[in-house]
Amino acid sequence: MVIFNILTLFPESFSYFNESIIKRAVEKGIVKINIHNLRDWSKSKHKVVDDRPFGGGPGMLMKVEPIYYALKDLGVYPKRDSKTKVLLTSAKGELWNQSLALDYSKNVNRLVIICGHYEGVDHRVVENLIDGEISIGNYILSGGELASQIIVDSTVRLMSDVLGNEKSLSEETDMLNESPEYPQYTRPSQFKTEEGVEWNVPDVLLSGNHKEMQKWRKDKVSQTPI
């Protein structure tokens with residue numbers, strides 16, 4: 001079983017994990033996902049987790065203390081094995097991609113994700129408590145909750161027995177080499193819009209001639225810009 005621990009200021013925002021592939025992976029016992037409210041580790045009376053940056057500057061920073069105590073209680077600090085990783089979601093982090101997801105799906109048994117917020121995090125967290133910072137794109141989000149869900153989803157779906165279709169995994173692996181996909185269609189073969197326009201599936205895909213279908217798919221891939 002692979003265990004995910006997510007440290008967040010908004011634990012109620014993770015309903016996505018109760019759906020679809022992630023839900024089935026949890027029910028099968030392949031993964032376990034624990035959502036933790038970071039405020040539970042705040043030592044202040046009002047459960048404060050942020051403060052103004054020294055030297056001035058805009059916004060607030062997440063404090064080091066709650067994160068430190070959380071990682072201590074989760075047993076991933078001061079020591080952790082090579083199969084355990086602690087990540088911080090951050091706009092300036094390493095860009096998450098399929099190769100990283102595949103690596104984590106095979107080589108990590110326990111993943112802790114700290115959801116970044118505000119103007120950032122006290123840099124002592126980066127210096128002392130985590131294994132890396134992860135970004136999901138060149139843009140700014142209100143918080144790291146969406147990013148953490150993307151990291152979990154893209155990792156879990158690559159684990160053995162999650163999708164239940166090894167061919168699907170094989171085809172997705174081709175994406176690592178930036179191989180474009182051919183167009184795909186499903187029923188109905190003929191669809192007429194309310195405006196009277198017909199959108200039909202290419203005849204070759206309805207012919208039953210597998211050799212011609214393979215040729216058509218190959219030709220479509222070669223026409224697709226990478």
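Trainee: At 17% relative accessibility, does Glu133 count as buried or exposed?

Mentor: Before answering, note that this is a predicted model, in which local features need pLDDT of at least 70 and side-chain atom pairs count only at pLDDT 80 or more, while totals for chains, interfaces and linings use all residues. Residues are numbered from 1 along each chain as its sequence is written, and side-chain values use heavy atoms, with hydrogens and water left out. Buried means under 20% relative accessible area, exposed means over 50%, and partly exposed lies in between (1.4 Å probe, protein chains only). Because its relative accessibility is 17%, Glu133 counts as buried.

Trainee: Which residue forms a salt bridge with Glu133?

Mentor: A salt bridge is a side-chain nitrogen of Lys or Arg within 4 Å of a carboxyl oxygen of Asp or Glu, and here the closest N and O atoms are 3.8 Å apart. Glu133 lies in strand β7 (residues 132-135) and its partner in strand β5 (residues 84-95), so the pair ties together parts that are 41 residues apart in sequence. Helices (H or I, at least four residues) and strands (E, at least two) are DSSP runs, numbered from the N terminus. The partner counts as exposed at 66% relative accessibility, and this residue is Lys92.

Trainee: How many residues apart are Asp219 and Lys215 in helix α7?

Mentor: These two residues form a salt bridge, with the closest N and O atoms 3.2 Å apart. Asp219 counts as partly exposed at 31% relative accessibility, and Lys215 counts as partly exposed at 48%. Both lie in helix α7 (residues 210-222), about one turn of the helix from each other, and their separation is 4 residues.

Trainee: How many residues does the largest nonpolar core have?

Mentor: A nonpolar core is a set of buried Ala, Val, Leu, Ile, Met, Phe, Trp, Tyr and Cys residues joined through side-chain atoms within 4.5 Å. Within the largest one, Phe4 and Val156 have the most contacts. Among the elements that give two or more residues to this core are β1 (2-8), β2 (31-37) and α5 (145-156), and α5 gives the most, with 4 residues. The size of this largest core is 29 residues.

Trainee: What is the handedness of the crossover from β5 through α3 to β6?

Mentor: The strands β5 and β6 run parallel and are joined by 5 bridges. A crossover is right-handed if, with the strands pointing away from the viewer, the path from the first strand over the helix to the second runs clockwise. By that rule, the β-α-β crossover from β5 through α3 to β6 is right-handed.

Trainee: Which residue in β7 stands opposite Leu87?

Mentor: β5 also pairs with β7, in the parallel sense and over 5 bridges. The residue of β7 that stands opposite Leu87 is Gly132.

Conventions
Pairing = 2+ DSSP bridges.
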